[in-house]
Amino acid sequence: MDLPVKTYDVIIVGAGPAGSMAGYTLAQAGFEVLLLEKSVFPRQKVCGGGLTVRARKHIPFEINPVVHSTVRWGFVQSRGRMVKPIAHTAPIAYLIDRPEFDTFLLQQALDQGGYCRMGERFIAYEQTADEIHIRTDQNVYHSRCLIGADGVHSRVASQAGLM
Ligand SMILES: Cc1cc2nc3c(=O)[nH]c(=O)nc-3n(C[C@H](O)[C@H](O)[C@H](O)COP(=O)(O)OP(=O)(O)OC[C@H]3O[C@@H](n4cnc5c(N)ncnc54)[C@H](O)[C@@H]3O)c2cc1C
């Protein structure tokens with residue numbers, strides 16, 4: 001997709017749950033948002049596929065289409081030994097498919113008017129008096145604000161001296 005050439009309000013690096021939820025919230029509030037994601041969704045992610053009840057409560061839209069089952073019982077184990085069985089009538093957690101879940105969250109941000117460039121890797125940023133210039137392996141973008149949501153090995157945080 002061709003993107004409008006302009007200065008975005010916010011550029012978000014990384015379209016995992018953190019980036020997509022930031023994108024959703026900001027786009028819904030009327031900000032012009034661009035997400036930059038190095039992989040192409042749906043992408044695989046090492047994940048147990050569990051979503052806690054508390055996490056779900058923070059999601060401000062319905063996620064039923066991507067919840068595969070509700071967990072109401074289980075076992076707490078330590079070093080291979082069962083410590084305690086747990087059983088509830090209320091949900092303990094939900095099971096999701098991570099590639100599908102992350103794609104769904106990103107779609108919510110796009111539905112609010114956010115833009116996304118997939119398959120584009122953030123390389124570096126440069127801050128000037130009134131803008132931030134964000135360089136990827138393919139383009140240079142301009143923004144008033146930059147959010148690093150690029151995961152545990154965040155290159156944005158590293159460049160900002162926040163690691
Ligand atoms: C083995 C394992 C199992 C887990 N199981 C669970 C579980 O069952 N339930 C649970 O809630 N949590 C689980 N987690 C934790 C969960 O995966 C993380 O908390 C979550 O992914 C954090 O989301 P995020 O958006 O901050 O980062 P991420 O999901 O890591 O998203 C970061 C995104 O940034 C992109 N990116 C990175 N670098 C760049 C770059 N330079 N340019 C552009 N894009 C970039 C990546 O491609 C990625 O899409 C598990 C973690 C591990 C390691």
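**Nonpolar cores**

A nonpolar core is a set of buried Ala, Val, Leu, Ile, Met, Phe, Trp, Tyr and Cys residues joined through side-chain atoms within 4.5 Å. Buried means under 20% relative accessible area, exposed over 50% and partly exposed in between, with a 1.4 Å probe and protein chains only. The structure is a predicted model, in which local features need pLDDT of at least 70, side-chain atom pairs count only at pLDDT 80 or more, and totals for chains, interfaces and linings use all residues. Residues are numbered from 1 along each chain as its sequence is written, and side-chain values use heavy atoms, with hydrogens and water left out.

The largest nonpolar core has 25 residues, of which Ile 12, Leu 35, Phe 61, Ile 63 and Phe 101 touch the most other members. At least two residues of this core come from each of strand 1 (7-13), helix 1 (17-28), strand 2 (33-37), strand 7 (93-96) and helix 3 (98-111). Helix 3 gives the most, with 5 residues. Helices (H or I, at least four residues) and strands (E, at least two) are DSSP runs, numbered from the N terminus. Because domain 1 (1-44 + 98-163) and domain 2 (50-96) both give residues to this core, it lies between them.

Ile 63 is in contact with Leu 51, Arg 56, Phe 101 and Phe 104, leaving aside its neighbours within four places in sequence. Contact here means heavy atoms within 4.5 Å. A second, separate core has 13 residues, including Leu 3, Val 13, Leu 34 and Tyr 141.

**Domains and overall form**

The domain bounds come from an automatic or database domain assignment, which gives domain 1 (1-44 + 98-163) and domain 2 (50-96). The centres of domain 1 and domain 2, taken over C-alpha atoms, are 30 Å apart. Between the two, 8 residues of domain 1 are in contact with 10 residues of domain 2.

The chain contains 4 helices and 11 strands. Along the principal axes, its C-alpha atoms fill a box of roughly 60 × 35 × 25 Å. Of its 163 residues, 37% count as buried. The chain exposes about 9,900 Å², and carbon and sulfur atoms supply 53% of this area. Accessible areas come from the Shrake-Rupley method with a 1.4 Å probe; for residues, only the protein chains shown count as cover.

**Ligand site**

The ligand is surrounded by 23 residues, the closest being Glu 37, Lys 45, Gly 50, Arg 98 and Phe 122. A residue counts as near if one of its heavy atoms lies within 4 Å of the molecule. Helix 1 and strand 2 each supply at least two residues of this shell.

Polar contacts are pairs of N or O atoms within 3.5 Å. An N or O atom in the side chain of Ser 39 is 3.4 Å from an oxygen atom of the ligand, and a polar side-chain atom of Arg 43 lies 2.9 Å from a ligand oxygen atom. Gly 48 places a backbone N or O atom 2.9 Å from a nitrogen atom of the ligand. The protein covers 63% of the 1,000 Å² of accessible area that the ligand has on its own.

**Val 140**

Val 140 is in strand 11 (residues 140-148). With a relative accessible area of 48%, Val 140 is partly exposed. Not counting residues up to four places away in sequence, Val 140 touches His 133, Ile 134 and Arg 135. The C-alpha atoms of Val 140 and Phe 122 are separated by 9.6 Å, and the two residues are 18 residues apart along the chain.

How values were computed
Polar contact = N/O pair within 3.5 Å; in protein donor to acceptor, adjacent residues only side chain to side chain.
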